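Colleague: I am new to reading protein models, and I would like to know what the words really stand for. Could we go through one together?

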Amino acid sequence: MPEETEVETTELQEAIDEIHKERGEREQQERATAWTRYISLTTALLAVFAAVGALQSGSLVNEAMISQLKSSDTWNEYQSARQKTHLYTLSTNAILDASTTAGAQIQGSKKGSKWSPKSPADRAKEYEGQIKKEEDKAKDLSNKAKHLEKEASELMHSHERFATSVAFIQVAIALGAISALTKIKPVWLMSMMVGLAGIIAFVAGFLGHG
């Protein structure tokens, strides 16, 4: 009878030791893969940056297109003002050439019921005033168009930074998913490095836009 009890105790001890061994191996494995708990957190943070970056990228490219269209319209107005200046110059020269004819009378403005004829010199002076007006207008339009072109260029640069940021972050998220499946820590570290590059481009996009 005592011998049977000793056998049972030995078997029980071996079973307990096996349980402890399995528990130890499980705890060791959990410690070794504890870093995987942070993958979901970093992926979620990167996803937020990617979402905001994508929105900013789309918004900026739309603003850049609008500025470019405004610039194009302004250049058209500039060309129109330059053409008017050219026409007024031709008219002024024609009037001055015709002023050699004594007693030349050019259509004047009506005051009440009487017409007040204007001399070629007066008419030429009016055209010269129009020329000055159109030249000033053309100058303002030129400056405005250049400003709009610069604004469109800056907006496109910011858009490109955000687009680059989104691309880097998407790659980082993909690498994070691979590391979660394979339990390979270096892949996760690589994911973090690529994600950091994306965040830097994200910040640069805001700084450039500002």
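Colleague: Which residues make up the largest nonpolar core?

Modeller: The largest nonpolar core has seven residues: L46, A50, I169, A172, L175, V187 and V194. Keep in mind that this is a predicted model, in which local features need pLDDT of at least 70 and side-chain atom pairs count only at pLDDT 80 or more, while totals for chains, interfaces and linings use all residues. Residues are numbered from 1 along each chain as its sequence is written, and side-chain values use heavy atoms, with hydrogens and water left out.

Colleague: What makes a set of residues a nonpolar core?

Modeller: The members must be buried Ala, Val, Leu, Ile, Met, Phe, Trp, Tyr or Cys residues, joined through side-chain atoms within 4.5 Å. Buried means under 20% relative accessible area, exposed means over 50%, and partly exposed is in between (1.4 Å probe, protein chains only).

Colleague: What is A172 in contact with, leaving aside its neighbours within four places in sequence?

Modeller: With L46, S191, V194 and G195. Contact here means heavy atoms within 4.5 Å.

Colleague: How many helices and strands does the protein chain have?

Modeller: Four helices and two strands, in the pattern α-α-β-β-α-α along the sequence. Both are DSSP runs numbered from the N terminus: helices are H or I with at least four residues, strands are E with at least two.

Colleague: Why is F202 called buried?

Modeller: F202 has 9% relative accessibility, and buried means under 20%, so F202 counts as buried.

Colleague: And why is F206 called partly exposed?

Modeller: The relative accessible area of F206 is 36%, which is between 20% and 50%, so F206 is partly exposed.

Colleague: What makes F202 and F206 an edge-to-face aromatic pair?

Modeller: A pair of aromatic rings is described by the distance of the centres and the angle of the planes. Rings of Phe, Tyr and Trp (its six-membered ring) pair if their centres lie within 6.5 Å; planes under 30 degrees apart count as stacked, over 60 as edge-to-face and the rest as tilted. For F202 and F206 the values are 5.1 Å centre to centre and 70° between the planes, so they form an edge-to-face pair. Both lie in helix α4, four residues apart, about one turn of the helix. Ring pairs also link F49, F162, F202 and F206 into a cluster.

Colleague: How do you know that W75 and Y78 are edge-to-face too?

Modeller: Five aromatic pairs are found in the whole structure. In the pair of W75 and Y78, the centres are 5.3 Å apart and the planes are at 90°, so this pair is edge-to-face. W75 and Y78 are separated by about one helical turn, because they are three residues apart in helix α2.

Colleague: Are W75 and Y78 buried or partly exposed?

Modeller: W75, with a relative accessible area of 22%, is partly exposed. Y78, at 19% relative accessibility, counts as buried.

Colleague: Where is S91, and why is S91 called partly exposed?

Modeller: S91 is in helix α2 (residues 37-98).
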